[in-house]
Amino acid sequence: MDDGNEPVRLREKAYVSFTEHLLARDINPGQFVSQRQLVAMTGMPLGAIRELVPRLEAEGLVKTIPQRGIQIAHIDLNLIREAFQFRLFMEKEAVGLFCLSATDELLARLRKEHEDTLEEALQSRETPELELRAQTIDWNLHETIIDSLGNGIIARAYRINAIKMRLINQERFRITGRVVPVMREHLAILTAIETRDPQTAMDAIAVHINNARNLALKL
């Protein structure tokens with residue numbers, strides 16, 4: 001029996017595979033690739049890749065250059081400015097609501113994982129394992145704030161921007177050697193959220209996002 005949902009599943013699997021390879025740096029910003037190279041890389045059929053490309057173009061992850069092929073998005077100053085501005089607009093509003101809706105238990109759990117990571121970083125040298133854990137904690141806090149809205153449209157748009165943010169992170173401001181300041185900035189955000197005052201929380205997350213943007217732009 002023919003499954004009408006199969007093309008949709010293949011397109012989604014192709015998208016997931018592409019973004020995983022992109023974030024793993026199997027393909028690099030600015031690099032040109034062909035559809036057949038994407039077939040080989042993702043293991044998906046050519047039809048799924050052909051249908052994937054317009055989605056990637058719409059999301060700003062690739063662009064098609066006549067006679068040359070598919071180009072992976074460049075990490076340039078314009079992309080950095082736009083990606084951080086998107087975050088600032090989304091996260092300021094989201095954290096203002098989050099500080100009113102988050103349970104004490106959730107905030108306590110978030111605080112503990114940040115404090116434990118900070119303490120470990122202060123007591124010993126940063127290791128690749130600690131930096132990976134700190135990066136996961138970093139992203140998780142921001143995603144938790146966005147997901148608390150329960151808005152699928154915002155969540156999907158944020159996830160697309162998050163892919164660009166992770167590429168910017170890899171290229172411009174890795175967490176390597178910066179676990180302590182990042183954890184301290186996050187703890188300042190959590191302290192602001194714990195006041196249950198939306199403006200205090202919004203101001204704190206704006207400082208954090210602007211600090212990261214300035215670091216990315218100056219390198």
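1. Let's begin with Asp-147, which counts as partly exposed because its relative accessibility is 37%. On this scale, buried means under 20% relative accessible area, exposed means over 50%, and partly exposed is in between (1.4 Å probe, protein chains only). The side chains of Asp-147 and Arg-159 meet in a salt bridge, with 2.9 Å from N to O. Asp-147 lies in helix H6 and Arg-159 in helix H7 (residues 152–172), so this pair ties together parts that are 12 residues apart in sequence. Arg-159 is partly exposed too, with a relative accessible area of 31%.

2. A word on what you are looking at: this is a predicted model, in which local features need pLDDT of at least 70, side-chain atom pairs count only at pLDDT 80 or more, and totals for chains, interfaces and linings use all residues. Residues are numbered from 1 along each chain as its sequence is written, and side-chain values use heavy atoms, with hydrogens and water left out.

3. Now the overall picture. The protein chain has 9 helices and 3 strands; helices (H or I, at least four residues) and strands (E, at least two) are DSSP runs, numbered from the N terminus. Along the sequence, the pattern reads α-β-α-α-β-β-α-α-α-α-α-α. Taken along the principal axes, the C-alpha atoms fill a box of roughly 55 × 40 × 30 Å. Of the 219 residues in the protein chain, 42% are buried. Contact here means heavy atoms within 4.5 Å. Among the contacts with a separation of 6 or more, 75% are between residues 24 or more positions apart.

4. How many salt bridges does the model contain? The count comes to 12, where a salt bridge is a side-chain nitrogen of Lys or Arg within 4 Å of a carboxyl oxygen of Asp or Glu. One of them is formed by the side chains of Glu-51 and Arg-11, at 2.8 Å from N to O. This pair links distant parts of the chain: Glu-51 belongs to helix H3 (residues 46–58) and Arg-11 to helix H1 (residues 6–23), 40 residues apart. Glu-51 is partly exposed at a relative accessible area of 42%, and Arg-11 is partly exposed at 29%.

5. Arg-55 counts as partly exposed at 31% relative accessibility, whereas Glu-59 counts as buried at 12%.

6. Next, the packing of two helices. The axes of helix H4 (residues 77–101) and helix H6 (residues 128–147) come within 8 Å and cross at roughly 70°. Axes are lines fitted to C-alpha atoms, for helices over the stretch in contact, and angles run from 0 to 180 degrees between N-to-C directions.

7. Which residues of H4 and H6 meet? On the H4 side they are Arg-87, Met-90, Glu-91, Ala-94, Val-95 and Phe-98, and on the H6 side His-142, Thr-144, Ile-145 and Ile-146. The residues of this contact divide into 6 nonpolar, 2 polar and 2 charged. Ala, Val, Leu, Ile, Met, Phe, Trp, Tyr, Cys and Pro count as nonpolar, Asp, Glu, Lys and Arg as charged, and the others, Gly among them, as polar.

8. Arg-25 has a positive phi of about 65° although it is not a glycine; Arg-25 sits in the loop between H1 and strand S1 (32–33). Arg-196, also not a glycine, has a positive phi of about 60° and lies in the loop between helix H8 (179–194) and helix H9 (198–218). Arg-25 is partly exposed at 26% relative accessibility, and Arg-196 is partly exposed with a relative accessible area of 26%.

9. Finally, Ala-204 is found in helix H9 and counts as buried because its relative accessibility is 16%. Leaving aside residues up to four places away in sequence, Ala-204 touches Ala-188, Ile-189 and Ala-192. Ala-204 and Leu-217 are 13 residues apart in sequence and 20 Å apart in space, C-alpha to C-alpha.
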